[in-house]
Amino acid sequence: MPIVGVQEIRRKQLIDATLASVAEYGLHNTTINSISRLAGMSSGIISHYFGGKQGLIEATVRQLLDELKLALLRKTDGGEQHSPRQRLMIIVEANFTEFQRSQPTTRSWLSFWAQAMHDPALARLQHVNSRRLYSNLRYSFRQLLDDEAATNAALQTAAMIDGFWLRSALSPAPSTDFAQAEALCKSFIEQLLTPHGAKACH
């Protein structure tokens with residue numbers, strides 16, 4: 001079992017504290033002091049590990065991106081062979097995990113992406129996120145559809161996932177809406193595949 005160093009533990013604690021601060025106060029009102037207070041550490045340690053608030057914010061967004069990637073890997077790396085259709089459903093599930101539905105995560109995503117319109121570094125991370133989702137979807141769709149149809153299907157499905165996630169995150173009843181959103185995204189994929197006579201590999 002790998003030994004986690006003190007630095008890694010402290011970095012994780014600071015990232016968790018950033019998520020908590022953004023969820024409670026919003027990104028604009030999150031400060032080095034609010035983060036360090038929630039983490040139970042001195043404010044100087046943020047500069048030591050991340051170079052300041054901006055570096056910590058970017059590291060926190062990268063952590064959220066890593067959580068998405070890990071959710072997909074956990075579902076696909078168990079040694080079981082998954083059909084392209086099953087993999088598409090797993091991609092949907094990875095975007096609607098309990099972590100991605102949680103209030104600290106949803107509030108943080110909303111704050112970060114709103115700020116991305118004004119922050120080139122966050123905008124680049126948003127592009128990475130969007131590109132990864134599209135690429136993962138297109139890889140599986142290409143095994144079931146021709147290239148043009150696969151590209152269109154990936155773009156449409158990515159828009160559905162992002163749109164339904166956003167709508168659910170802003171809903172007064174997010175738990176119910178997230179569950180419905182996941183089901184609707186899966187249904188949409190089935191509708192995209194059925195008219196093309198894609199292989200029903202369940």
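**View 1. What packs over helix H7 in this predicted model.** The cover over the buried residues of H7 includes helix H1 (6–25), H4, helix H6 (98–101), H8, H9 and helix H10 (174–193). Which residues of H7 are buried? They are Thr105, Thr106, Ser108, Trp109, Ser111, Phe112, Trp113, Gln115 and Ala116. As for its geometry, H7 runs for 14 residues and spans 20 Å between its first C-alpha and its last, close to the 20 Å expected at 1.5 Å a residue.

**View 2. Zooming in on the largest pocket.** Here we're looking at a volume of about 440 Å³. The lining of the largest pocket is made up of 20 residues, and Leu68, Asn95, Asn129, Leu133 and Asp162 sit nearest its centre. Helix H4 (53–76), helix H5 (84–94), helix H7 (103–116), helix H8 (120–141) and helix H9 (147–169) each put two or more residues into that lining.

**View 3. Who lines the largest pocket, and with what.** Which helix gives the most to the lining? That's H8, with six residues. Sorted by class, the lining of the largest pocket comes out as 11 nonpolar, six polar and three charged residues.

**View 4. The annotated stretch, residues 8–68.** UniProt, in an unreviewed entry, puts the feature "domain: HTH tetR-type" on residues 8–68. In the model, this span is 80% helix and 0% strand, and its end C-alpha atoms are 20 Å apart. Leu68, at the end of the annotated range, also turns up among the residues nearest the centre of the largest pocket.

How values were computed: Residues are numbered from 1 along each chain as its sequence is written. This is a predicted model: local features need pLDDT of at least 70, side-chain atom pairs count only at pLDDT 80 or more; totals for chains, interfaces and linings use all residues. Side-chain values use heavy atoms; hydrogens and water are left out. UniProt positions are given in the numbering used here, feature names are shortened, and annotations may be inferred rather than shown by experiment. Helices (H or I, at least four residues) and strands (E, at least two) are DSSP runs, numbered from the N terminus. On a 1 Å grid over the protein atoms alone, a cavity is a set of points where a 1.4 Å probe fits but cannot get out, and a pocket is an open set with protein on both sides within 12 Å along at least five of seven lines; lining residues have an atom within 4 Å of a point. Grid points are joined across faces, edges and corners, and a volume is the space filled by probe spheres set on the points. Ala, Val, Leu, Ile, Met, Phe, Trp, Tyr, Cys and Pro count as nonpolar, Asp, Glu, Lys and Arg as charged, and the others, Gly among them, as polar. The expected span of a helix is 1.5 Å times one less than its number of residues. Buried means under 20% relative accessible area, exposed over 50%, partly exposed in between (1.4 Å probe, protein chains only). Contact means heavy atoms within 4.5 Å.
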